[in-house]
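Please look over the sequence and the model shown here before reading on. The notes that follow are grouped by topic.

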Amino acid sequence: RVREAVLARLDENTRCTWHGKLATALEATGDADPAALALHWRGAGAIDKAAHFTLVAAYAAAASLAFERAATLARTALDLLPPDHSDVLRAHIVAGDALANAGRGPDAASHYLAAAARAGAEDAVDLRRRAAEQLLRSGHIDEGLDAMGDVLRAVGLHLPRTPRRAMASLLWNKARLVIRGRRFTLRSADRVPPLELRRVDACWSVTLGLSLVDIVRAADFQAQTLRLALDAGEPGRLARSLAMASGFATHEGGSARRRAPELLRDAERLADVHHDPYASAWLPFARATSAFGE
C-alpha cells in the first residue's frame, strides 16, 4: 500500500528518473537480477538496455530449465527491439529453443523460421532444419516434410516421395552401410567440413521426426545418418547415431538384433570419453529400447 500510494503521487518524469537511478545502482552491483534490470531500464525509457537485459534474463531462465518463462522473456525482447536490430536473430533463436524444450513444436518452428530469414546462408539451413524437425515431431507431418525437403535439397540429399522408392532407398542405404563397415576416424567438429555435419544433422532430424509415423523412411534416414556420422567422425553425432542404430537394430530381428548390443557399447564408449551431454542422454533411451525388444 505504501508503494502504491507513493507511485500514485509521482509524475511520469519523476518515475523515469527513479527507475534510471535504481537501474544504475543495481547494475553497479555486478550481480543484479537481469529481469529487474530490464524492468527498471524499461521504466527509465532506455529501451535498448531493457531489451538487452530481457534477453539476458531469457538465457538465464532457459539455463534453469524455466522454458516457458524463457520464451516469454525472449518474446518481450522482440517486442522491445526495433525490427532491424542485430539482437532480433538471437531473440528468435532463444525463443525457438525454449519453446522446443517446452514441447511446443509449431511455436518453436515459427521462431526458427523467422531467425532463418535473418541468418546467413549456412546458419539458415540449420535453422530451417530445426523448424522442420519440430513440425514433424509435433505431428504436423505434411508441413514438416515440405520444410525438410527444402533442407535436404540444400545439403544435396532428397526425401523419397513414394513407399516403393522409400523401400528401395532403405535397401540401398543399408547395403552401402554394410559394405562400408563401422570403421571411423574421430575428428572434432571444427575439423569436419560444415556440409558433412549439416548432412548428418538433416538425416538425424528426419529419423527423429518420422520414427513414429513412417518407419520405412525413418529407417532409411537412420542408415544414412549412421553412415554419414561414421564418415564425419564427430564424436557426439557418432555416439547418438550409434545409439539410435542400436534401437532400430533391436526391432529388426535376426542378425540385426544380434548387432544391437555392440552398437550400444560403441555409443557408450564414445559418450563416456567425449562427455557429450546430448549423446549421453540418448543412451538410457537406447538401453530401454533394447530391453523392450528382447
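Is H275 buried or exposed? H275 counts as exposed, because its relative accessibility is 64% and the cut-off for exposed is over 50%. The structure is a predicted model. Its chain has 15 helices and zero strands.

**Overall picture**

- Along its principal axes, the C-alpha trace of the chain spans about 80 × 35 × 35 Å.
- The chain has 294 residues, and buried residues make up 45% of them.
- Of the contacts between residues at least 6 apart in sequence, 59% join residues at least 24 apart.

**Confidence**

- The average pLDDT of the chain is 91, and 98% of the residues score at least 70.
- Helix α7 (residues 105-116) has the highest mean pLDDT among the elements of the chain, 97.
- Helix α15 (residues 277-293) has the lowest mean pLDDT, 78.
- Where pLDDT is low, predicted coordinates should not be read in detail.

**Helices α11 and α12**

- Helix α11 covers residues 194-210 and helix α12 covers residues 215-232; their axes come within 8 Å and cross at roughly 155°.
- Angles over 145 degrees count as roughly antiparallel, and α11 and α12 are therefore roughly antiparallel to each other.
- The crossing of α11 and α12 is left-handed.
- On the α11 side, the residues making the contact include L197, V200, W204 and L210; on the α12 side, they include I215, F221, Q222 and L228.
- The residues of this contact between α11 and α12 divide into twelve nonpolar, four polar and four charged.

**Helices α4 and α6**

- Helix α4 (residues 47-63) packs against helix α6 (residues 87-101) at an angle of about 25°, and their axes are 11 Å apart.
- That angle makes α4 roughly parallel to α6, because the cut-off for roughly parallel is under 35 degrees.
- The crossing of α4 and α6 is left-handed.
- From α4, the residues L55, A58 and Y59 meet D87, R90, A91 and V94 of α6.
- The residues of the contact of α4 with α6 divide into five nonpolar, no polar and two charged.

**Two buried residues**

- P160 lies in the loop between α9 (141-154) and α10 (163-180).
- The relative accessibility of P160 is 4%, so P160 counts as buried.
- Leaving out residues up to four places away in sequence, P160 touches R165, A166, S169, R217, D220 and F221.
- P160 is 42 residues from R118 in sequence, and the two are 30 Å apart in space, C-alpha to C-alpha.
- Q222 is in helix α12, and its relative accessible area of 8% means that Q222 is buried.
- Residues up to four places away in sequence again not counted, Q222 touches T207, S241, M244, A245 and F248.

- L65 is in the loop between α4 and α5 (67-80).
- Phi of L65 is near 70°, a positive value in a residue other than glycine.
- L65 counts as exposed, because its relative accessibility is 61%.
- H275 lies in the loop between α14 (254-274) and α15.
- H275 is not a glycine either, yet its phi is positive, at about 55°.

Terms used. Residues numbered from 1 in each chain as written. Predicted model: local features only at pLDDT ≥ 70, side-chain atom pairs only at ≥ 80, totals over all residues. Heavy atoms only, no water. Axes fitted to C-alpha atoms, helices over the stretch in contact; angles between N-to-C directions. Helix = DSSP H or I, 4+ residues; strand = E, 2+ residues; numbered from the N terminus. Parallel < 35°, antiparallel > 145°, perpendicular 65-115°, else oblique. Left-handed = near helix turned anticlockwise from the far one by under 90°. Contact = heavy atoms within 4.5 Å. Nonpolar A, V, L, I, M, F, W, Y, C, P; charged D, E, K, R; others polar. pLDDT = per-residue confidence, 0-100. Buried < 20%, exposed > 50% of the residue type's maximum accessible area, 1.4 Å probe, protein only.
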